[in-house]
Amino acid sequence: MNSQGKVVIVGGGSGGTILANLLSNKGFEVTLINKKTHHLFLPGLLHVAFKGYTRNLVKPLREILKQNVKLYIDEVVEVNLDERYVHTLSNKTIEYDYLVIAGATIDYTQVPGLKEHVKVYGDYYSTIDNALKTWKTLKNFSRGTFAIVVADPTIDAHLPLMRGFSSRRTVQP
């Protein structure tokens, strides 16, 4: 099969790995670049934070990628849009026809007090440790009001899980 083009995906999270596998089946030459050797299934953190599940959410990236996806454990330090290449920390230059930046980093300092709040109570979207903090906080919650804030266009997919938590708990003010 003729190549549909070279795709470089920066980021081995859920979006990056799904896209890499899909495009590799469509005739594209796919390269995925990620800083870590493993993949943390972030949507699974909802199960940790609201149900207390501690199942393994971490898998080696190579295990979940199709064999024809090239994987570099590296960090992109330069993106040249004009000449269509990325340059990595280990001094690799990788050319592309299509570039996908798949991922984000949470900057807790952008919301006053958030960093301190997450340190104590956790969250349900960043790490297993933070999701476990949230679970322990909610499990031991006995009085007052709590709010769950989700800025996610797929919120409908998360609601049954959260309803399951709240329907099991009766909280009296």
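Which helices and strands each supply at least two residues of the lining of the largest pocket? I find α1 (14-24), β2 (29-34), β3 (38-40) and α5 (128-139). Helices (H or I, at least four residues) and strands (E, at least two) are DSSP runs, numbered from the N terminus.

I note that this is a predicted model, where local features need pLDDT of at least 70, side-chain atom pairs count only at pLDDT 80 or more, and totals for chains, interfaces and linings use all residues. Residues are numbered from 1 along each chain as its sequence is written, and side-chain values use heavy atoms, without hydrogens and water.

**Pocket.** I looked up the lining of the largest pocket and found 31 residues. Asn-34, Leu-42, Gly-103, Ala-104 and Thr-105 lie nearest its centre. A pocket here is an open set of points on a 1 Å grid over the protein atoms alone, where a 1.4 Å probe fits, with protein on both sides within 12 Å along at least five of seven lines; lining residues have an atom within 4 Å of a point.

**Glycine.** Next I checked Gly-16, which lies in helix α1. Gly-16 counts as buried because its relative accessibility is 2% (buried is under 20%, exposed over 50%, with a 1.4 Å probe and protein chains only). Its C-alpha atom is separated by 7.5 Å from that of Gly-103, 87 residues apart along the chain.

**Surface.** Last, I looked at Leu-81, in the loop between β6 (76-80) and β7 (85-88). Leu-81 is exposed because its relative accessible area is 62%.
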